[in-house]
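Here is a short report on a two-chain model. Please keep the structure open while reading.

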Amino acid sequence: MSGGIFIAAAGMGRRVEGEALVARDGFSARYDLDRTRGVFSRTDHKLAGQSYVGRVLVLDAAKGGVATAWMLHEMKARGVVPAALVLNAVNPIMVQGAAHAGFTMISGFDRDITQAIPSGAWVEVDPSGDRPFIRLVRSSA
Amino acid sequence: MKLADEEEAMRAGECGPAAQWAIEHQIAVGRYLGARDFVPVTQAHIMADTESLGPAGVEWLERMAALPPDQRRLRIPAITDPRGTDFAAAHWLKQQTWMLDLERRTIAAFEALGVLMTNTCINYQTIMPPVFGEHVAYGDTGVVIYSNSVCGARSNFEGGPSALSAALTGCTPRYGYHLDERRAATLVVDVGFTPRALNEWGALGAIVGRLAGDYWQVPALFGVDRVPSSDEMKHFGAALASYGSVALFHMIGITPEARRVADVVTTGAALPRHAVGEADIRAFAASYACDIDRVDLVVFSAPQLSLVEMAQVAGLLDGRRTTVPLLVVTSPQVKPDADRIGLTARIEAAGGSVLSGMCFYQSYAREMAEANGWQRLATNSAKLVNILGGYGYRPVLLSLEACVDAACRDGWIAQ
């Protein structure tokens, strides 16, 4: 399965498994989400209308403002939250938010991770070691 | 990360649990982002509206505020970003009691911690602008990009938990825009049309933001043919940060780190190069207008208005009468001057509403929309247009003059 393991430059949080929800689009808790219903609400987001709850979000880059630093903590407290975030590129806010919430996140790959992971695949995300990774367990959930 | 003795002491809990939490948080962030050590900072600006905090965040703040004072001492001045309401207007904005309760609890917690409740996102215009080379820990992306680019200060985007951490420790992880090597340009934008109106500056910022694409990109703008005003830089930077997550830009010959091209563009570097002209700016605004010919309300906010902008709004409203809600949002520092000078009275005499210490999008915008039947919104802020799309609004970007016209013509937009 070596072809199905993608090493990240950095990671934090705990190991999780889940169904991947993938798009070549950005992520911002304030700009993109209806956090009450747990769906992407920004109409021009490629995942508009889709639930992110319990999913491993595989997206391109962290976007938007500073609110995400608090919002991940608030989302986790209510349990309306993704299982993990897997991003090509982070900004500090996403890192700060994940650190504050104790959230699983990995980022930075040698390829476009949104092209490497099919949406709907079952994946493992392990940020705990020296080489954080996302692994394709099977191609459908 | 390499820790100084005092930072080790904080980590060991010798300075109390608040500093211990803060330094641990900062170490986690610094490690992820490759910081080698910490850098002392002189000010913190804390973004903490209650929509973002939620009940869980408010309770977390209250637990910290309940610690004995010697266990939660702030080491540097800390100020706040806008709140989620203007209590004087909450009733007619149809904000709910639970929102106001969260706000009151948050304010009480911050006051107990010794945070200065400035409630502003234009502190660089009104409180204490950072000086060239000063390392700070600022929240609000618009504050950071202005401070970095126009003032030459050094900050990353510091979200609420991280800005509060910096206030508690007096330092922040040394990564990103605290480092010389991160401040060089990574892309070049040839500006073929220097904007005139604030909405055009915002549109230019949005376009450059989309070209830049992420936090680590530093655009260098060539061709801006005059020195923009503080308000123009404000709208340009706020939109650039909003659309691109960008924290630093240079304007060649204008901003302080880019007196000459070679100051920010490494000789021989093959940087991506883009051109933006007047047609791009018009097309950007048109992309939001689409089929909207009438709006439910007009909002001036994001960032809060300077005294000069307040005067412009008041001047446009003189002798007229608004027939849809027109909200004018400013800072608690500008508001007393606007009251004293008579700007507030002129805006209100025309039917407009002046709000202080809040920001429209940080004030439960979705709930306000549902409670008031608001959906179609006109503004001259590209940043607000960007954010409100995710809150169920259909925003349109117009000039200040066109916004006021719409507010006085039952919401109809002049074609």
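Is the crossing of α9(B) and α10(B) left-handed or right-handed? The crossing is right-handed. (A crossing is left-handed if the near helix is turned anticlockwise from the far one by less than a right angle, and right-handed if clockwise.)

**Ground rules**

This is a predicted model, in which local features need pLDDT of at least 70, side-chain atom pairs count only at pLDDT 80 or more, and totals for chains, interfaces and linings use all residues. Residues are numbered from 1 along each chain as its sequence is written, while chains are lettered from A and ligands numbered from 1 in the order in which they are written. Helices (H or I, at least four residues) and strands (E, at least two) are DSSP runs, numbered from the N terminus.

**Confidence in chain A**

pLDDT is the predictor's confidence in each residue, from 0 to 100. Chain A averages 93, and 98% of its residues score at least 70. Within chain A, helix α1 (residues 29-32) has the lowest confidence, with a mean of 84. Strand β9 (residues 122-126) has the highest, at 98.

**Two helix pairs**

Axes are lines fitted to C-alpha atoms, for helices over the stretch in contact, and angles run from 0 to 180 degrees between N-to-C directions.

| Pair | Angle | Axis distance |
|---|---|---|
| α9(B) and α10(B) | about 30° | 7 Å |
| α3(A) and α2(B) | about 135° | 9 Å |

Helix α9 spans residues 198-212 of chain B, and helix α10 spans residues 230-244. Their angle makes α9(B) roughly parallel to α10(B). (Angles under 35 degrees count as roughly parallel, over 145 as roughly antiparallel, 65 to 115 as roughly perpendicular and the rest as oblique.) Residues of α9(B) that meet α10(B) include B:Leu198, B:Trp201 and B:Val208. Their partners in α10(B) include B:His235, B:Phe236 and B:Tyr243.

The other pair joins the two chains. α3(A) and α2(B) are oblique to each other. Their crossing is right-handed. A:Pro92, A:Val95, A:Gln96, A:Ala99 and A:His100 of α3(A) make the contact with B:His25, B:Ala28, B:Val29 and B:Tyr32 of α2(B). (Two residues are in contact if their C-beta atoms, placed from the backbone, lie within 7 Å.)

**The interface**

How many residues does each chain give to the contact? Chain B gives 30 residues and chain A gives 32. On the side of chain B, the elements that give two or more residues are α2, α3 and α8.

**Helix α2 of chain B**

The 16 residues of this helix (17-32) should span 22 Å at 1.5 Å a residue, and its end C-alpha atoms are 23 Å apart, which agrees. (The expected span is 1.5 Å times one less than the number of residues.) Its buried residues include B:Trp21, B:Ile23, B:His25 and B:Tyr32. B:Gly34 follows α2(B), with a positive phi near 80°.

In α8(B), 10 of 10 residues are buried. Among them are B:Pro161, B:Leu164 and B:Thr169. Just after this helix, B:Gly170 takes a positive phi of about 75°.

A:Gly54 lies in the loop between β5 and β6 of chain A. It counts as partly exposed because it has 16 C-beta neighbours inside 10 Å. Not counting residues up to four places away in sequence, A:Gly54 touches A:Gly18 and A:Ala83.

Conventions
Buried ≥ 20, exposed ≤ 12 C-beta atoms within 10 Å, placed from the backbone.
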